[in-house]
Amino acid sequence: MGNSATRMDLTSHGLTNLGTQHWDLGPALLTEHAIRRGEARLSAHGAVVVSTGEHTGRSPKDKFIVRDAATEKTVNWGSINQPIDRSAFDAMHARVQAYYHGRDAYVLNCYAGADPDHRLKVRVVTETAWQNLFARNMFIRPPAEDLPGFEPDFTILHAPGLTARGEKDGVRSATFILVDFDRRMILIGGSSYAGEIKKSIFGVLNYLLPDRGVMPMHCSANIGPKGDSAIFFGLSGTGKTTLSADGSRTLIGDDEHGWSENGIFNFEGGCYAKVIKLSEEAEPEIWAASHRFGTVLENVVMDPVTRMLNLDSAELTENTRACYPIDYIPNTSATGMAGHPVNVVMLTADAFGVLPPISRLTPEQAMYHFLSGYTARVAGTEKGVTEPQATFSTCFGAPFMPRHPSVYGEMLRERIARHGATCWLVNTGWSGGRAGAGGERMKIAYTRAMVRAALDGSLTGAPVQEDGQFGLLVPESCPNVPTGVLRPRGAWSDGNAYDTTAGELRGRFEENFKPFEAFVDDSVKAAGVRRAA
């Protein structure tokens with residue numbers, strides 16, 4: 001069985017006649033195996049550098065959920081949550097079992113969820129050492145005494161080298177991400193992009209936790225010096241990782257959390273940061289973590305001789321990634337838990353360059369913008385996206401939400417009301433014009449200054465002006481931010497062009513929100529984007 005910490009086997013998952021089984025290996029052995037097997041290269045600073053081939057981002061159209069008596073009434077079926085018959089799942093499971101015959105297997109037992117009252121026991125089986133190292137970095141690593149007798153609540157069988165046969169296997173293409181809540185199993189194949197491992201478990205938690213009174217959230221979180229916690233909603237590329245990794249505050253986690261009766265807690269034990277054009281000066285913590293032994297770098301370009309990283313290169317993809325344990329970031333929470341948030345920040349990367357850089361939201365506006373989830377899909381984040389595109393992703397995480405958005409929206413609204421959190425909308429996107437047409441990305445120094453002022457209370461009672469195009473409450477001033485930056489219309493050389501573009505975006509908001517109108521009351525509908533009277 002090889003290096004086994006648990007002395008188990010995989011027959012309960014249908015895996016037999018395997019090569020060597022490697023159980024719960026540490027980063028040094030996994031790195032050694034990955035290099036020896038030709039799966040990865042070692043950078044000058046000790047990080048593992050890998051290429052994921054054709055897939056450099058998620059394949060959301062290749063995700064399917066088994067439709068059964070339980071999921072039939074609880075899953076929000078559609079283009080995101082696609083159904084598959086159990087017979088098709090079982091047939092693919094048999095193909096995965098056959099694929100693993102004679103192959104080595106790397107097995108990780110881990111937790112998803114820092115709160116012991118709500119965590120999920122997860123087993124990840126991979127055919128490569130580097131993807132097992134990825135999972136070890138991303139999930140919570142149990143103490144050694146928890147490993148004997150470890151029985152998973154959910155298992156991932158990962159077979160990137162196995163391709164599906166499209167419709168013949170009941171799926172869309174050669175790639176498959178199949179979830180069976182009854183069997184408590186996930187099958188992944190046809191893609192080496194390791195983010196599928198991470199996000200598949202996020203989807204499982206998003207389905208299971210609401211029934212347990214826990215709101216699952218696609219957000220980062222941190223704690224201030226006074227013990228005040230904050231959460232940051234936002235999709236990839238909006239700044240969740242960057243803004244939560246603030247040296248003046250303690251990081252809880254950078255991507256996925258739950259909000260329970262105890263407060264908030266991290267789902268993960270690591271970070272999965274975008275590193276394209278990463279600056280040591282602007283983001284020193286993430287830069288340092290990306291250059292450490294034990295880190296996994298996906299699709300990062302490296303000099304073949306010196307092994308020095310070129311983080312500015314998008315030769316392979318814009319979606320270059322660094323996966324590392326969360327404690328690689330200084331000043332991180334030892335428990336991954338905190339009290340109820342004092343501030344809720346919703347991040348958007350506005351590709352049109354018309355939203356204010358920061359706005360204070362009423363509770364009704366917070367509900368509206370949470371359900372809207374406006375941002376821009378950044379090039380490379382998903383397969384087929386080659387340039388920024390304006391989009392709406394409800395709850396700032398529609399691809400990962402199996403239930404109807406109103407389930408998560410109502411949970412957020414109730415918690416904001418009960419705990420009195422202050423809500424903010426922060427635009428980390430473009431200013432002065434559209435993306436690719438005269439606009440420039442908001443300076444990270446300005447965004448940090450605005451977020452810090454919001455979290456330390458400087459902006460909570462500050463005078464505000466109602467934005468003329470969207471009805472948002474914009475602070476009149478902010479420490480360390482030029483006043484002109486707060487007024488998006490003034491940043492455009494052509495004010496009429498700004499008005500026209502803002503009107504177009506308002507129309508998009510209105511059209512997008514129509515499906516939600518039946519699930520919210522009149523106060524939320526009235527809080528939608530609107531031109532000032």
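In helix H8, Ala366, Met367, Phe370 and Leu371 meet Pro405, Tyr408, Gly409, Glu410, Leu412, Arg413 and Ile416 of helix H9. Contact here means heavy atoms within 4.5 Å. Helices (H or I, at least four residues) and strands (E, at least two) are DSSP runs, numbered from the N terminus.

Before I continue, a word on the source. This is a predicted model, in which local features need pLDDT of at least 70 and side-chain atom pairs count only at pLDDT 80 or more, while totals for chains, interfaces and linings use all residues. Residues are numbered from 1 along each chain as its sequence is written, and side-chain values use heavy atoms, with hydrogens and water left out.

To return to the pair: H8 covers residues 363-372 and H9 covers residues 405-419, and they pack at an angle of about 150 degrees with their axes 10 Å apart. Axes are lines fitted to C-alpha atoms, for helices over the stretch in contact, and angles run from 0 to 180 degrees between N-to-C directions. How is H8 oriented relative to H9? H8 is roughly antiparallel to H9; angles under 35 degrees count as roughly parallel, over 145 as roughly antiparallel, 65 to 115 as roughly perpendicular and the rest as oblique. H8 passes H9 in a right-handed crossing. A crossing is left-handed if the near helix is turned anticlockwise from the far one by less than a right angle, and right-handed if clockwise.

H9 itself has 15 residues and reaches 21 Å from its first C-alpha to its last, close to the 21 Å expected at 1.5 Å a residue. The expected span is 1.5 Å times one less than the number of residues. The buried residues of H9 are Pro405, Ser406, Tyr408, Gly409, Met411, Leu412, Arg415 and Ile416. Buried means under 20% relative accessible area, exposed over 50%, and partly exposed in between (1.4 Å probe, protein chains only). Ala417, also found in H9, is exposed, with a relative accessible area of 63%. Just after H9, Gly420 takes a positive phi of about 65 degrees.

The second pair is H1 (residues 27-36) and H4 (residues 129-138), which pack at about 155 degrees with axes 8 Å apart. That angle makes H1 roughly antiparallel to H4. The contact joins Pro27, Leu30, Thr31, His33 and Ala34 of H1 to Ala129, Trp130, Asn132, Leu133 and Arg136 of H4. H1 passes H4 in a left-handed crossing.

Helix H5 (residues 195-208) has end C-alpha atoms 20 Å apart, in agreement with the 20 Å its 14 residues should span. Why is H5 described as largely enclosed by the rest of the structure? Because 14 of its 14 residues are buried.

Finally, the cysteines. How many disulfides does a search of the whole structure find? The search finds 0, a disulfide being a pair of cysteine sulfur atoms within 2.5 Å. Cys219 is in no disulfide, and the nearest cysteine sulfur, that of Cys395, is 12 Å away. Cys395 is likewise in no disulfide. Both are buried: Cys219 has a relative accessible area of 0%, and Cys395 is at 1%.

Cys219 has its place in strand S11 (residues 215-223). Beyond its neighbours within four places in sequence, Cys219 is in contact with Ile231, Phe232, Phe233, Lys240, Asp254, Asp255, Glu256 and His257.
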